[in-house]
Each structure stands twice: as structure tokens, then as C-alpha cells.
Amino acid sequence: MPSPVGHSILGLAIGALWALPRDAPGSWRDALALRGDRKALAAAVFAANAPDLDYLPGLWVGDLNAFHHGPTHSILFVTVLAAAMAFGWRREDRIAAFGWLLLAGLSHLIADVFTDDRRPPFGIPLWWPISDASVHSPVSVFWNLRKREWSDFIQWHNAAAVGIEMVVTLPIALAAVAVKWRFGRRRVENPA
């Protein structure tokens with residue numbers, strides 16, 4: 001699975017499409033500073049990382065992976081989470097918030113499907129509770145992190161894995177900011 005760095009960048013990309021201002025042209029510096037609805041940006045980043053909350057029970061038993069890739073890595077969990085989080089928005093914005101938060105949560109699941117998984121069961125239970133079958137792509141884009149205990153996080157393999165995540169996800173986030181910025185400029189220049 002990607003690290004919180006990769007998941008957060010994907011969440012920011014989705015949050016940028018949702019939360020950056022639509023009607024003001026702004027500058028590239030404004031767009032890159034993510035000057036917009038910060039609550040929406042933070043919510044998108046949280047939703048993109050939320051399936052990994054299943055690490056928390058593993059802390060209690062001394063094995064970070066004990067409960068990882070369980071029901072929190074399912075479409076059902078991401079949908080329920082997005083619906084619950086959407087209630088924090090004004091009534092007229094709830095449907096849009098639900099859609100964007102759902103996309104942010106799904107970005108986590110998609111990234112995990114395309115991660116080199118070295119521990120059984122391989123993949124994630126995407127369709128839980130309908131099916132316990134794990135879904136995993138034969139093509140890996142991201143490296144698996146080594147993480148049996150906290151000290152495992154500080155090693156060259158994990159640093160390289162985060163580097164790969166950044167190489168893959170930062171262009172996606174920059175493209176999202178560019179699309180939003182360009183679309184907003186076009187709407188202001190041609191208000192018809």
C-alpha cells in the first residue's frame with residue numbers, strides 16, 4: 001500500500017478539483033498555494049487516508065498489519081464514511097460533498113489495488129461484505145512499504161517507495177490544479 005504521503009497527494013488532487021475557487025482567475029501562485037475551501041481540502045485528504053485507520057487496532061496488539069486490508073478497504077466503508085462526512089456541509093452542498101469525498105476515498109482503494117502486495121491475502125476486500133475475495137492488480141505502480149513495527153519505517157526501501165509515490169502522484173495533483181485554474185480563468189474571461 002502507498003504511504004500516507006501518496007494517499008494525501010491523491011486526496012489533495014481530488015480536493016483541488018472540488019475546493020479551489022471557480023470564479024476568480026487568480027494566479028498560479030494562488031492555485032499552488034491551494035487557496036480555496038480549506039475544510040474541503042482537509043476533508044478530501046482525510047477521506048483519502050481513512051481506510052488505513054485499520055492500523056490503529058494493530059497498535060494495541062503490537063502488529064501494525066494485524067487488521068490491515070480488512071473491511072475498511074471496501075467500497076461500503078468508503079461510501080458510509082463519505083456520507084457521514086458530507087453531513088458536515090450545508091444542506092445544499094451535501095450531495096456534492098458526498099461525491100467528492102467518495103472519490104477521495106476510492107482513490108485510496110485504487111492506489112492499494114495497484115500496489116505490490118507481498119503479504120497474504122494479496123489485495124484488498126473491495127466488495128466486502130458481498131464477497132471476501134481480495135482484489136489486486138497484476139500490474140504494480142507503487143512499492144509495498146515494509147512495516148512490521150515502527151522502526152521498519154526508517155529504511156531506504158521505504159524512502160524509495162515514497163519517492164516513487166511522489167513521482168506518480170504529484171503530476172496528477174498538479175494536473176488537477178492546472179485544470180481547475182484553467183477552467184476558472186476561462187469562465188471569468190468568457191462569462192457567457
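At what angle do helix 5 and helix 6 pack, and how far apart are their axes? The legends below, all for a predicted model, begin with that pair.

**Figure 1. Packing of helix 5 against helix 6.** In this predicted model, helix 5 and helix 6 pack at an angle of about 145°, and their axes are 8 Å apart. The crossing of the two helices is right-handed. Helix 5 contributes Ile75, Val78, Thr79, Ala82, Ala83, Met85 and Ala86 to the contact, while helix 6 contributes Arg94, Ala97, Phe98, Leu101, Leu102, Gly105, Leu106 and Leu109. Sorted by class, the residues in the contact of helix 5 with helix 6 are twelve nonpolar, two polar and one charged.

**Figure 2. Crossing of helix 3 and helix 6.** Helix 3 (residues 38–49) and helix 6 (residues 94–113) have axes that come within 7 Å and cross at roughly 35°. This crossing is right-handed. On the side of helix 3 the contact is made by Ala43, Ala44, Ala47, Ala48 and Asn49, and on the side of helix 6 by Leu101, Ala104, Gly105, Ser107 and His108. The contact of helix 3 with helix 6 has six nonpolar and four polar residues, and no charged residues.

**Figure 3. Helix 3 and its buried residues.** The buried residues of helix 3 are Ala40, Leu41, Ala43, Ala44, Val45, Ala47, Ala48 and Asn49. Among the elements that cover these residues are helix 1 (4–19), helix 5 and helix 6.

**Figure 4. Helix 6 and its buried residues.** Buried positions in helix 6 are Ala97, Leu101, Leu102, Ala104, Gly105, Ser107, His108, Leu109, Ala111, Asp112 and Val113. They pack against helix 1, helix 3 and helix 5. The 20 residues of helix 6 should span 28 Å at 1.5 Å a residue, and the end C-alpha atoms are 28 Å apart, so the two values agree.

Figure 5. Trp128 and Pro129 are joined by a cis peptide bond, with omega of about 5°. Pro129 lies in the loop between helix 6 and helix 7 (156–189).

**Figure 6. His69 and its positive phi.** His69 belongs to the loop between helix 4 (55–61) and helix 5 (75–86). Its phi is near 60°, a positive value in a residue other than glycine. His69 counts as buried because its relative accessibility is 13%, below the cut-off of 20%.

**Figure 7. The protein chain as a whole, for orientation.** The protein chain has seven helices and zero strands, and from the N terminus on its elements run α-α-α-α-α-α-α. Of its 192 residues, 41% count as buried. Among contacts in the protein chain with a separation of 6 or more, 67% are accounted for by residues 24 or more positions apart. The accessible surface of the chain comes to about 10700 Å², and 68% of this surface belongs to carbon and sulfur atoms.

Methods: Residues numbered from 1 in each chain as written. Predicted model: local features only at pLDDT ≥ 70, side-chain atom pairs only at ≥ 80, totals over all residues. Heavy atoms only, no water. Axes fitted to C-alpha atoms, helices over the stretch in contact; angles between N-to-C directions. Helix = DSSP H or I, 4+ residues; strand = E, 2+ residues; numbered from the N terminus. Left-handed = near helix turned anticlockwise from the far one by under 90°. Contact = heavy atoms within 4.5 Å. Nonpolar A, V, L, I, M, F, W, Y, C, P; charged D, E, K, R; others polar. Buried < 20%, exposed > 50% of the residue type's maximum accessible area, 1.4 Å probe, protein only. Areas by Shrake-Rupley, 256 points an atom, 1.4 Å probe, with all protein chains shown as cover. Expected span 1.5 Å × (residues − 1).
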